[in-house]
Amino acid sequence: MTALTTIGSQGDMRYVAPVGDPLILPVPPRLASWNASGHPDQVKLGEYLAAAERLVRPRLDTLAGPLVLKLDVGLPAETPLLVHHDLDNYLFPLASYLVRRTGRQFVSAWATKQTASTSFLRVDRAQPVHGDFAPDRHFTVRTTASSQSAGFKQQIHDQLSSAEPIPEGPVSLHLTFTLGPGRNWMNLWKPAIDAFERILGRATPERPWHPRDDRIVELGLHSRTDTALRHDVSIDIAATEAERRLPPHP
């Protein structure tokens, strides 16, 4: 396992967010649910995912090559943006459901949250970013442990020993996962973010692996394949202070 390294601009490690015509979701996005099958939360989640698939499938059928997905979550004005409503918990069930149902793979997945009456979904052909990138915090970590183990989080946490927390307020977070072929990179999202207490702060002092990830108002997740890594995973972490309310998406 390599030590923590602060890195400079590497634009080709990320993908551009899709900017095509937004698809208006007919039902509000739902967070991931860990309740038993048949629980009302699971039923509502299933109804939302099915509606999202019906909405996006015609667009997917017109696209070739690697894909990028973006979910813009609109929350009521009385809902605090930086309390709960974690973006990875919106994005994971949607992305994994679409992959399972359509057979199409995403190399990049984005999510935002903002005060708005409508939520949107976009899919497009993936386009690499070109140009400079200068986030407030920029690190690379490498893990050797299974993502399902506490060791995975501990290795990330230990390599972020020199990190300073982003000041209070909203955060834009981009992660690029470089891993061997054939692995499901989406399974890495949540355990990786759970290890970012040194960047985001800890939500509950007595609970480890419980960062203040509800501060994230823009989340960009990107993947790269490197056969030389085999079972290791390299994660590029870019965190930046963000505007409290992102502009509405038309």
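**A leucine, a helix pair and some rings**

Mentor: Leu55 lies in helix α1, residues 40–60; helices are DSSP runs of H or I with at least four residues. This is a predicted model, where local features need pLDDT of at least 70, side-chain atom pairs count only at pLDDT 80 or more, and totals for chains, interfaces and linings use all residues. Residues are numbered from 1 along each chain as its sequence is written, and side-chain values use heavy atoms, leaving out hydrogens and water.

Trainee: What is Leu55 in contact with, leaving aside neighbours within four places in sequence?

Mentor: Leu55 touches Leu23, Ile24, Leu25 and Pro26, contact meaning heavy atoms within 4.5 Å.

Trainee: Now the packing: at what angle do the axes of α1 and α2 cross?

Mentor: They cross at roughly 60° and come within 10 Å, α2 being residues 87–102; axes are lines fitted to C-alpha atoms, for helices over the stretch in contact, with angles from 0 to 180 degrees between N-to-C directions.

Trainee: Why is the pair of Trp185 and Trp189 edge-to-face?

Mentor: Their ring centres are 5.2 Å apart and their planes stand at 75°, so the pair is edge-to-face (over 60 degrees).

Trainee: Is Trp189 buried or exposed?

Mentor: Trp189 is buried, at a relative accessible area of 1% (buried is under 20%, exposed over 50%, with a 1.4 Å probe and protein chains only).

Methods
Rings of Phe, Tyr and Trp (its six-membered ring) pair if their centres lie within 6.5 Å; planes under 30 degrees apart count as stacked, over 60 as edge-to-face and the rest as tilted. Helices (H or I, at least four residues) and strands (E, at least two) are DSSP runs, numbered from the N terminus.
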